[in-house]
Amino acid sequence: MATAEVAHHDHHDHHPTGLMRWVTTTNHKDIGTLYLIFAFIMFLLGGAMALVIRAELFQPGLQVVDPHFFNQMTTVHALVMVFGAIMPGMVGFANWQIPLMIGAPDMALPRLNNWSFWILPFAATLLMSSFLTGGGGPAAGWTLYAPLTIQGGMGVDLTIFAVHMLGVSSVLGAINIIVTVFNMRAPGMHFMKMPLFVWTWLITAFLLIAVMPVFAGAVTMLLTDRHFGTAFFDPAGGGDPVLFQHIFWFFGHPEVYIMILPAFGIISAIIPTFSRKPLFGYTSMVLAVAGIAFLSFIVWAHHMFTVGMPLVGEIYFMYATMLIAVPTGVKIFNWVATMWRGSMTFETPMLFGVGVVFLFTIGGLSGLMLGITPADFQYHDTYFVVAHFHYVLFSGSAMAMMGGTYYWLPKWTGHMYDEKLGKWHFWLTSIFFNIAFFPQHFLGLAGMPRRIPDYALQFTEFNVISSIGAFGLGITQLLFGYIVYKCIKGGEKATSEVWDNPEGLEWTLPSPPPYHTFETPPVVK
C-alpha cells in the first residue's frame, strides 16, 4: 500500500478515547458494560425509593412522606426496577455473552446497538423528572391503571413518554439479538447446540417484539384520553377502565417472563459449571422455555379475577395459569438433576445459582396460589401479591444477575473478584431478602392491603421486621458495587480456566454435552 494511502487509512481508522469512546462505541462488550452500569445505578435508585416506602411502613400512622408521594414511590419504584434495572441488566448480559457464545465477531447491528442503549439515560431522566412537575409524578402503580392516570398532572405525560422510549430501546435490542442469533452463528453451531442462555434470550426477544407495541398502544390511548377528548378508558365518555387492564396485562404477563427467562439462562450456565456436569435434559429445557413463552400470552386475565369476569372466563384463565407450572417445574427438576451426584463446589456464582432455584421456587408456588380463582379473591391487592412477585423478580431476576456477574467477571475483566466478600454479599442478600419479604406473605394472608401508606395496629410487628430486612438488603447492595469496582480496578489475575472444569470445558458447557454415561460423576482435578 502506498504511503499516502496508509496515512489516509490511518486518519480514518482512529479510535475515539475517553468519553467519546463510550458515546460512539459499537463494540458489543462496551455496550454490554454500559447497560450493566446503567442497570446498577437504576437498581440503587429504585432501591432508595423502596426504602422510602419501607420507612413509612415501619410504624402505623403517617410519619415520613405524605400519602400522594407514597403512591408515587410505589409507582416509580416499580417502573425503575422493571424498565431501568432488570430489563437493561439482562440486555447487558445478552450483549456481552451472545456473540461470545455463538462465535460471532459482534452483534449484527452495531449502530442500532449503540442507539438502543443511549435512548435509556434520556428515558430514565424523563421518568425521574415526572417528580419535578407541579402535580408530582404518577401515583397509579406500575400498571398505570385508568382512571387513576386519566387524572393526574403532567408527571403522568412524562411517564407515558418515558415508557415509550424504554419500549423502543427494548424492541431495538430484541431485533438485534434475533438477527445476530439467526445470521451470525459460527459454522456447526446449530440451534440445538446453542448454550441455554442464548436460547432464553432468543425467545425473550420474540416476546419483547410481540408485546412492547401492545403496551405502547395502551399508553397512547391513555394519552389521547387525557388530552384529545377520546374515551377509551374514561367511563364519563362511555369508555371502560377494564379495557385498559386487559390491554395492559396482555403486555404485562409476557413481560414478567421477559424478566425471568434470561435469568433461567444464566442459572443454566452456572449450575452445570459448578456441578462439573453438563446440563441435564438440554432439549427439554429448550422446549420448556418455548412452552413458557407460548403460555405467557394466554393467561393474562389471572391478574383480573376480581373485575367481574364471567365464571367460564375465570375458570379458563385459572387452568391456563396452572399449565405454566409444568414447564417451569421441568426446569427446576433439570437444575436439581444437574446437581445430583455432581462434583459440586460452592463458589459465589454457585451460591447464587442454588439460592435462585430455591427462592424462585417459593415465588412460583405462591404464584400458583394466586392463580386459584377463589383463593385469589382473598389474596388480591394484599401484601401476599407483593411478597410473591418479589420472590420471583428479586430472588429470580436480580439475584440471577448478581450470580451471572460473579460468574463472568473474570472473563470480562481478566481479574478475580474477592471470593470472601462475594460470599458475604450472597449470605447478607439472601438473609435480608427473606427478612424483608417473607413476613409480607403473612401480612397479606391477614388482609393488609398493598399500596397504602397506613395500616391497622395488628400488622405492626411484621412491618417492623420487613422494614429492617429491606434496609439491610439495600445497604448490602453497596457491598456488591464495591466488590465489582475492586475487581475491575485489579483483583488477582484470572486464569484461562477460572472455574476448574475437568473436561477442559471453558466458560459455557457445550450443549448437548460430549458423550458421557455419568455412571460415575466426573472427578474434579
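Is Arg54 buried or exposed, and what is its relative accessible area? Arg54 is buried, with a relative accessible area of 7%, where buried means under 20% relative accessible area, exposed means over 50%, and partly exposed lies in between (1.4 Å probe, protein chains only). The model is predicted, so local features need pLDDT of at least 70 and side-chain atom pairs count only at pLDDT 80 or more, whereas totals for chains, interfaces and linings use all residues. Residues are numbered from 1 along each chain as its sequence is written, and side-chain values use heavy atoms, with hydrogens and water left out.

Arg54 lies in helix H3 (residues 28-56); helices (H or I, at least four residues) and strands (E, at least two) are DSSP runs, numbered from the N terminus. Not counting residues up to four places away in sequence, Arg54 touches Tyr383, Gln440, Asn463, Ser466, Ser467, Ala470 and Phe471, a contact being heavy atoms within 4.5 Å. Arg54 and Ile468 are 414 residues apart in sequence, yet their C-alpha atoms are 8.4 Å apart in space.

His441, in helix H14, is likewise buried, with a relative accessible area of 6%. Leaving aside neighbours within four places in sequence, the contacts of His441 are Ser366, Phe384, Ala387, His388 and Tyr391.

**Salt bridges**

A salt bridge here is a side-chain nitrogen of Lys or Arg within 4 Å of a carboxyl oxygen of Asp or Glu, and by this rule the count comes to 5. The table gives some of them.

| Pair | N to O distance |
|---|---|
| Arg450 and Asp381 | 3.0 Å |
| Lys486 and Asp418 | 2.7 Å |
| Lys423 and Glu419 | 3.4 Å |

In the salt bridge between Arg450 and Asp381, whose closest N and O atoms are 3.0 Å apart, the partners come from distant parts of the chain: Arg450 is in the loop between helix H14 (419-445) and helix H15 (460-490), and Asp381 is in the loop between helix H12 (373-379) and helix H13 (383-413), 69 residues apart. Arg450 counts as buried at 17% relative accessibility, whereas Asp381, at 36%, counts as partly exposed.

The side chains of Lys486 and Asp418 also meet in a salt bridge; Lys486 lies in helix H15 and Asp418 in the loop between H13 and H14, so this pair ties together parts that are 68 residues apart in sequence. Lys486 is partly exposed at 32% relative accessibility, and Asp418 is partly exposed at 24%.

Lys423 and Glu419 are 4 residues apart in helix H14 and are therefore separated by about one helical turn. Lys423 counts as partly exposed at 30% relative accessibility, as does Glu419 at 23%.

**Aromatic rings**

A search of the whole structure finds 47 aromatic pairs. Rings of Phe, Tyr and Trp (its six-membered ring) pair if their centres lie within 6.5 Å, with planes under 30 degrees apart counted as stacked, over 60 as edge-to-face and the rest as tilted. One of the edge-to-face pairs is Phe248 with Phe251, at 5.7 Å centre to centre and 75 degrees between the planes; these two are 3 residues apart in helix H8 (residues 241-275), separated by about one helical turn, and both Phe248 and Phe251 are buried. Phe352 and Phe426 form another edge-to-face pair, at 5.0 Å centre to centre and 80 degrees between the planes. Because Phe352 lies in helix H11 (residues 348-370) and Phe426 in helix H14, this pair ties together parts that are 74 residues apart in sequence; both Phe352 and Phe426 are buried.

**Nonpolar cores**

A nonpolar core is a set of buried Ala, Val, Leu, Ile, Met, Phe, Trp, Tyr and Cys residues joined through side-chain atoms within 4.5 Å. Of the 155 residues in the largest such core, Phe83, Ile98, Trp142, Trp201, Phe215, Phe244 and Trp335 touch the most other members, and helix H4 (residues 67-102) gives the most to this core, with 20 residues. Leaving aside neighbours within four places in sequence, Trp335 is in contact with Phe264, Ile267, Ser268, Ile271, Leu279, Met285 and Val357.
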